[in-house]
Amino acid sequence: MRIAIALSEKNVLEHNSTPFGAVIVKDGKVVAKSENLVYSTIDPTAHAEISAIRLACKELNTIDLQDCVIYTSCEPCPMCLSAIYWARIATIYYGNTKTDAADTGFDDQFIYEELGKPMQQRRLPVKQLLRDEAQQAFRFWEEKQ
């Protein structure tokens, strides 16, 4: 956890960026660590947790991190939390809460609220197109299984 916190502090003080850091550990050894890279990479998905997951997957040559834990300087946002679930990480340890983040300008509450609404009531319009055509890729996948 101290490494994740140090990454978050360094990101603010040395890189003039956001205060987030994450570390992924397997069997007591650090396999990946990253600070938030959103601004340095011009990638809105390059949060510390996701960047660390990407590095860990490359390092371990797998998308399944079930034998790993993640230490993150702040409670993960909805995107990062989803990525952690998809990577099957065993446990999340975090420092700051999402309320602490909101109090300093990093408020994701609207995303949590949006996810709880029916699609038709969300702020961002969501419209389905060409479902029948899109289904073909799923049929190909099922045939390969």
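S17 is buried, with a relative accessible area of 15%; buried means under 20% relative accessible area, exposed over 50%, and partly exposed in between, with a 1.4 Å probe and protein chains only. The model is predicted, so local features need pLDDT of at least 70 and side-chain atom pairs count only at pLDDT 80 or more, while totals for chains, interfaces and linings use all residues. Residues are numbered from 1 along each chain as its sequence is written, and side-chain values use heavy atoms, with hydrogens and water left out.

**Surroundings of S17**

- S17 sits in the loop between α1 (2-13) and β1; helices (H or I, at least four residues) and strands (E, at least two) are DSSP runs, numbered from the N terminus.
- Leaving aside neighbours within four places in sequence, S17 is in contact with N11, V12, N36 and Y39, where contact means heavy atoms within 4.5 Å.
- From C-alpha to C-alpha, S17 and Y39 are 7.0 Å apart in space, and they are 22 residues apart in sequence.

**The chain overall**

- The chain has seven helices and four strands, in the order α-β-β-α-α-β-α-β-α-α-α along the sequence.
- Along the principal axes, the C-alpha trace spans about 50 × 35 × 25 Å.
- Of the 145 residues of the chain, 30% count as buried.
- Among contacts between residues at least 6 apart in sequence, 45% join residues at least 24 apart.

**Nonpolar cores**

- In soluble globular proteins, nonpolar side chains tend to be buried together.
- A nonpolar core is a set of buried Ala, Val, Leu, Ile, Met, Phe, Trp, Tyr and Cys residues joined through side-chain atoms within 4.5 Å.
- The largest such core has 22 residues, and I24, I53, A56, L65, I70 and I89 touch the most other members.
- At least two residues of this core come from each of β1 (21-26), β2 (29-35), α3, β3 (68-74) and α4 (78-87), and α3 gives the most, with six.
- Apart from this core lies another, of five residues, among them A4, L7, V23 and V69.
- Leaving aside neighbours within four places in sequence, I53 is in contact with I24, L65, A83, I84, A87 and I89.

**Helix α3**

- α3 has 13 residues and reaches 18 Å from its first C-alpha to its last, close to the expected 18 Å; the expected span is 1.5 Å times one less than the number of residues.
- The buried residues of α3 are A48, E49, I50, S51, A52, I53, A56 and C57, and their cover includes β1, β2, β3 and α4.
- Just after α3, N61 takes a positive phi of about 55 degrees.

**Pockets**

- On a 1 Å grid over the protein atoms alone, a pocket is an open set of points where a 1.4 Å probe fits, with protein on both sides within 12 Å along at least five of seven lines; lining residues have an atom within 4 Å of a point.
- The largest pocket is lined by 21 residues, of which F20, N36, H47, F106 and D108 lie nearest its centre.
- α2 (38-41), α3 (48-60) and α5 (98-103) are the elements that give two or more residues to this lining.
- The second largest pocket is lined by F110, I111, E114, L115, R122, R123, L124 and V126.
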